[in-house]
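Please look through the sequence and the fold below before reading on.

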Amino acid sequence: MIRYITGIFLIFSNITDYVFSQEMGRPYPYQYNFQKAASPIMEGIMNMHNLLLVIIAAVAILVTGLLIYVVYKFRASKNPIPSKTTHNTMLEVIWTIFPIICIIVIMIPSVRLMKEVDKPQNPDMTIKVIGKQWYWSYEYPLENNKKIAFDSHLIEDKDLKPNQLRLLEVDEPIVVPVDATVQLLVTAGDVIHSFAVPSLGIKKDAVPGRINETWFRISKKGTYYGQCSELCGIKHGYMPIAIKAVDKAEYNEWLLKKQS
Ligand SMILES: [Cu+2]
(Lines give C-alpha, C1' and ligand atoms only; values in the text may rest on other atoms or scores of the structure.)
Protein backbone atom coordinates (compact mmCIF):
# COMPACT_ATOMS: atom_id res chain seq x y z
CA MET A 1 0.00 0.00 0.00
CA ILE A 2 2.72 2.48 1.11
CA ARG A 3 4.70 1.44 -1.96
CA TYR A 4 1.83 2.53 -4.23
CA ILE A 5 1.35 5.85 -2.49
CA THR A 6 5.08 6.69 -2.56
CA GLY A 7 4.98 5.62 -6.21
CA ILE A 8 2.55 8.45 -6.95
CA PHE A 9 4.92 10.98 -5.36
CA LEU A 10 7.78 9.51 -7.36
CA ILE A 11 5.90 9.82 -10.65
CA PHE A 12 5.14 13.45 -9.81
CA SER A 13 8.76 14.26 -8.95
CA ASN A 14 9.92 12.45 -12.10
CA ILE A 15 7.64 14.64 -14.22
CA THR A 16 9.05 17.81 -12.65
CA ASP A 17 12.57 16.43 -13.09
CA TYR A 18 11.83 15.83 -16.74
CA VAL A 19 10.41 19.31 -17.26
CA PHE A 20 13.10 21.22 -15.38
CA SER A 21 16.29 19.25 -15.73
CA GLN A 22 18.31 17.31 -18.21
CA GLU A 23 21.37 16.44 -16.21
CA MET A 24 22.05 14.90 -12.83
CA GLY A 25 24.24 16.35 -10.14
CA ARG A 26 23.40 20.03 -10.36
CA PRO A 27 20.69 22.41 -9.17
CA TYR A 28 18.14 23.99 -11.52
CA PRO A 29 16.23 27.27 -11.58
CA TYR A 30 12.90 26.96 -9.72
CA GLN A 31 13.85 23.53 -8.44
CA TYR A 32 11.76 22.60 -5.42
CA ASN A 33 12.49 18.92 -5.06
CA PHE A 34 15.73 17.09 -4.35
CA GLN A 35 18.36 16.79 -7.02
CA LYS A 36 18.04 13.42 -8.74
CA ALA A 37 19.60 10.59 -6.76
CA ALA A 38 22.95 9.58 -8.20
CA SER A 39 24.15 7.23 -5.46
CA PRO A 40 22.71 4.39 -3.35
CA ILE A 41 22.77 6.66 -0.27
CA MET A 42 20.69 9.36 -1.95
CA GLU A 43 18.22 6.75 -3.23
CA GLY A 44 17.83 5.57 0.35
CA ILE A 45 17.32 9.12 1.61
CA MET A 46 14.66 9.79 -1.03
CA ASN A 47 12.78 6.59 -0.21
CA MET A 48 12.90 7.55 3.46
CA HIS A 49 11.64 11.04 2.63
CA ASN A 50 8.75 9.69 0.56
CA LEU A 51 7.75 7.23 3.28
CA LEU A 52 7.79 10.00 5.91
CA LEU A 53 5.77 12.28 3.65
CA VAL A 54 3.00 9.66 3.39
CA ILE A 55 2.97 8.97 7.13
CA ILE A 56 2.99 12.63 8.13
CA ALA A 57 0.23 13.45 5.62
CA ALA A 58 -1.93 10.58 6.91
CA VAL A 59 -1.42 11.68 10.54
CA ALA A 60 -2.21 15.31 9.73
CA ILE A 61 -5.39 14.36 7.84
CA LEU A 62 -6.53 12.00 10.64
CA VAL A 63 -5.97 14.56 13.41
CA THR A 64 -7.62 17.40 11.48
CA GLY A 65 -10.58 15.13 10.63
CA LEU A 66 -11.03 14.08 14.27
CA LEU A 67 -10.85 17.71 15.40
CA ILE A 68 -13.50 18.83 12.91
CA TYR A 69 -15.71 15.87 13.92
CA VAL A 70 -15.41 16.64 17.65
CA VAL A 71 -15.99 20.37 17.20
CA TYR A 72 -19.13 19.64 15.18
CA LYS A 73 -20.55 16.77 17.23
CA PHE A 74 -20.03 18.31 20.67
CA ARG A 75 -20.95 21.88 19.80
CA ALA A 76 -22.70 23.87 22.56
CA SER A 77 -25.98 24.38 20.70
CA LYS A 78 -26.56 20.60 20.43
CA ASN A 79 -25.19 19.76 23.89
CA PRO A 80 -26.70 22.14 26.46
CA ILE A 81 -25.65 19.78 29.26
CA PRO A 82 -22.00 18.85 28.59
CA SER A 83 -20.85 15.27 29.03
CA LYS A 84 -18.70 14.61 32.12
CA THR A 85 -16.87 11.63 30.56
CA THR A 86 -13.15 11.68 31.38
CA HIS A 87 -11.69 8.26 30.64
CA ASN A 88 -12.09 5.58 28.01
CA THR A 89 -9.60 2.77 28.45
CA MET A 90 -10.02 1.35 24.95
CA LEU A 91 -9.50 4.73 23.31
CA GLU A 92 -6.45 5.46 25.45
CA VAL A 93 -4.89 2.12 24.54
CA ILE A 94 -5.46 2.85 20.86
CA TRP A 95 -3.98 6.32 20.92
CA THR A 96 -0.93 5.02 22.74
CA ILE A 97 -0.35 2.01 20.51
CA PHE A 98 -0.97 3.79 17.20
CA PRO A 99 1.92 6.30 17.59
CA ILE A 100 4.18 3.46 18.76
CA ILE A 101 3.41 1.56 15.54
CA CYS A 102 4.13 4.74 13.53
CA ILE A 103 7.47 5.16 15.28
CA ILE A 104 8.47 1.54 14.67
CA VAL A 105 7.51 1.81 10.99
CA ILE A 106 9.74 4.92 10.75
CA MET A 107 12.55 3.55 12.90
CA ILE A 108 13.29 0.34 11.00
CA PRO A 109 14.18 1.86 7.58
CA SER A 110 15.76 4.87 9.31
CA VAL A 111 18.24 2.83 11.35
CA ARG A 112 18.95 0.61 8.35
CA LEU A 113 19.75 3.69 6.26
CA MET A 114 21.95 5.24 8.96
CA LYS A 115 23.99 2.05 9.07
CA GLU A 116 24.32 2.02 5.29
CA VAL A 117 25.44 5.66 5.17
CA ASP A 118 28.01 5.15 7.90
CA LYS A 119 30.39 2.72 6.23
CA PRO A 120 31.06 1.52 2.69
CA GLN A 121 30.95 -2.18 1.87
CA ASN A 122 34.29 -3.23 0.32
CA PRO A 123 35.42 0.12 -1.09
CA ASP A 124 37.33 0.02 -4.39
CA MET A 125 39.28 3.18 -3.67
CA THR A 126 39.84 5.88 -1.06
CA ILE A 127 40.00 9.65 -1.37
CA LYS A 128 41.08 11.89 1.46
CA VAL A 129 39.23 15.20 1.56
CA ILE A 130 40.74 18.15 3.44
CA GLY A 131 38.70 21.31 3.90
CA LYS A 132 40.73 24.51 4.02
CA GLN A 133 40.02 28.25 4.11
CA TRP A 134 38.73 28.43 1.37
CA TYR A 135 39.26 25.54 -0.95
CA TRP A 136 39.39 21.75 -0.87
CA SER A 137 42.50 19.55 -1.01
CA TYR A 138 42.22 15.98 -2.23
CA GLU A 139 44.59 13.06 -1.78
CA TYR A 140 44.42 9.72 -3.55
CA PRO A 141 46.51 7.12 -1.72
CA LEU A 142 48.11 4.76 -4.24
CA GLU A 143 50.16 1.57 -4.00
CA ASN A 144 53.76 1.66 -2.69
CA ASN A 145 53.07 4.59 -0.38
CA LYS A 146 52.62 6.91 -3.32
CA LYS A 147 49.81 9.41 -3.58
CA ILE A 148 48.25 12.02 -5.79
CA ALA A 149 47.49 15.32 -4.09
CA PHE A 150 45.96 18.48 -5.50
CA ASP A 151 43.96 21.55 -4.50
CA SER A 152 40.60 22.44 -5.98
CA HIS A 153 39.67 26.11 -6.28
CA LEU A 154 36.56 27.97 -7.39
CA ILE A 155 36.50 29.35 -10.92
CA GLU A 156 35.63 33.00 -10.51
CA ASP A 157 32.74 34.65 -12.36
CA LYS A 158 35.01 36.51 -14.77
CA ASP A 159 36.76 33.29 -15.84
CA LEU A 160 33.62 31.22 -16.41
CA LYS A 161 33.19 29.65 -19.83
CA PRO A 162 29.72 29.39 -21.41
CA ASN A 163 27.58 26.66 -19.77
CA GLN A 164 29.75 26.60 -16.69
CA LEU A 165 27.91 26.96 -13.42
CA ARG A 166 28.49 30.03 -11.30
CA LEU A 167 29.85 29.33 -7.80
CA LEU A 168 29.96 25.59 -8.50
CA GLU A 169 32.73 25.18 -11.04
CA VAL A 170 36.27 24.31 -9.90
CA ASP A 171 39.64 24.19 -11.65
CA GLU A 172 40.46 20.63 -10.54
CA PRO A 173 37.48 18.35 -9.93
CA ILE A 174 37.67 15.03 -8.12
CA VAL A 175 37.84 12.34 -10.80
CA VAL A 176 36.40 8.90 -10.08
CA PRO A 177 35.51 5.89 -12.21
CA VAL A 178 31.82 5.00 -12.55
CA ASP A 179 30.49 1.98 -10.64
CA ALA A 180 33.33 2.12 -8.13
CA THR A 181 32.62 2.32 -4.41
CA VAL A 182 34.60 5.33 -3.22
CA GLN A 183 35.46 5.68 0.44
CA LEU A 184 35.85 9.29 1.56
CA LEU A 185 37.94 10.26 4.57
CA VAL A 186 36.98 13.80 5.48
CA THR A 187 39.01 16.17 7.62
CA ALA A 188 40.04 19.84 7.77
CA GLY A 189 43.23 21.86 8.05
CA ASP A 190 42.03 24.96 9.87
CA VAL A 191 38.38 25.36 10.88
CA ILE A 192 35.31 23.14 10.55
CA HIS A 193 34.01 22.75 6.99
CA SER A 194 31.45 20.31 5.64
CA PHE A 195 31.74 18.24 2.50
CA ALA A 196 28.29 18.15 0.92
CA VAL A 197 27.10 16.85 -2.46
CA PRO A 198 23.28 16.79 -2.62
CA SER A 199 22.84 14.34 -5.52
CA LEU A 200 25.06 11.81 -3.75
CA GLY A 201 23.35 12.24 -0.39
CA ILE A 202 26.62 13.23 1.26
CA LYS A 203 27.07 15.81 4.00
CA LYS A 204 30.03 15.13 6.27
CA ASP A 205 31.61 17.58 8.67
CA ALA A 206 35.30 18.20 8.02
CA VAL A 207 36.76 18.69 11.49
CA PRO A 208 40.44 19.50 12.20
CA GLY A 209 42.15 16.61 14.00
CA ARG A 210 39.38 14.16 13.25
CA ILE A 211 38.65 11.87 10.32
CA ASN A 212 35.03 11.31 9.34
CA GLU A 213 34.06 8.66 6.85
CA THR A 214 31.44 8.38 4.16
CA TRP A 215 31.16 6.89 0.69
CA PHE A 216 29.44 7.04 -2.67
CA ARG A 217 29.05 5.06 -5.85
CA ILE A 218 28.12 6.82 -9.08
CA SER A 219 26.70 4.75 -11.92
CA LYS A 220 26.26 7.49 -14.51
CA LYS A 221 29.02 9.52 -16.15
CA GLY A 222 28.83 13.24 -15.47
CA THR A 223 29.79 16.00 -13.06
CA TYR A 224 28.23 16.17 -9.63
CA TYR A 225 28.35 19.45 -7.75
CA GLY A 226 28.33 20.34 -4.09
CA GLN A 227 29.37 23.05 -1.68
CA CYS A 228 30.92 23.56 1.72
CA SER A 229 28.02 23.37 4.16
CA GLU A 230 29.47 24.63 7.42
CA LEU A 231 30.02 28.35 7.92
CA CYS A 232 33.80 28.51 7.78
CA GLY A 233 34.63 32.15 7.21
CA ILE A 234 34.31 34.98 4.74
CA LYS A 235 34.67 32.81 1.61
CA HIS A 236 32.54 29.92 2.83
CA GLY A 237 30.29 30.31 -0.18
CA TYR A 238 33.21 30.18 -2.59
CA MET A 239 34.62 26.69 -2.04
CA PRO A 240 32.50 24.41 -4.20
CA ILE A 241 32.96 20.71 -4.85
CA ALA A 242 32.89 19.04 -8.25
CA ILE A 243 33.10 15.29 -8.77
CA LYS A 244 33.64 14.07 -12.30
CA ALA A 245 32.60 10.47 -12.93
CA VAL A 246 34.30 8.97 -15.98
CA ASP A 247 34.72 5.45 -17.33
CA LYS A 248 37.51 3.22 -16.13
CA ALA A 249 39.87 3.81 -19.08
CA GLU A 250 39.54 7.57 -18.85
CA TYR A 251 40.15 7.40 -15.11
CA ASN A 252 43.35 5.37 -15.54
CA GLU A 253 44.55 7.87 -18.11
CA TRP A 254 43.91 10.73 -15.70
CA LEU A 255 45.71 8.83 -12.94
CA LEU A 256 48.79 8.32 -15.08
CA LYS A 257 48.83 11.97 -16.10
CA LYS A 258 48.55 13.09 -12.51
CA GLN A 259 51.41 10.87 -11.38
CA SER A 260 53.91 12.12 -13.92
CU1 LIG B 1 34.27 25.66 4.28
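Helix 3 is hardly covered, since 1 of its 30 residues counts as buried, where buried requires 20 or more other C-beta atoms, placed from the backbone, within 10 Å of the residue's own. Helices (H or I, at least four residues) and strands (E, at least two) are DSSP runs numbered from the N terminus. This is a predicted model, in which local features need pLDDT of at least 70 and side-chain atom pairs count only at pLDDT 80 or more, while totals for chains, interfaces and linings use all residues. Residues are numbered from 1 along each chain as its sequence is written.

Helix 3 also has a kink of about 25° at methionine 107, shortly before proline 109; the bend is the angle between axes fitted to the seven residues ending there and the seven starting there.

Strand 4, by contrast, is covered on both faces, with Ile174 and Val176 buried on one side and Val175 and Pro177 buried on the other. In a regular strand the side chains alternate between the two faces of the sheet. Strand 4 pairs with strand 10 in the parallel sense over 4 bridges, pairing being counted when DSSP finds at least two bridges, and valine 176 stands opposite alanine 245 of strand 10.

The domain bounds below come from an automatic or database domain assignment.

| Domain | Residues |
|---|---|
| Domain 1 | 2–118 |
| Domain 2 | 125–259 |

The C-alpha centres of these two domains lie 34 Å apart, and 15 residues of domain 1 are in contact with 16 residues of domain 2, contact meaning C-beta atoms, placed from the backbone, within 7 Å.

Key
Contact = placed C-beta atoms within 7 Å. Buried ≥ 20, exposed ≤ 12 C-beta atoms within 10 Å, placed from the backbone.
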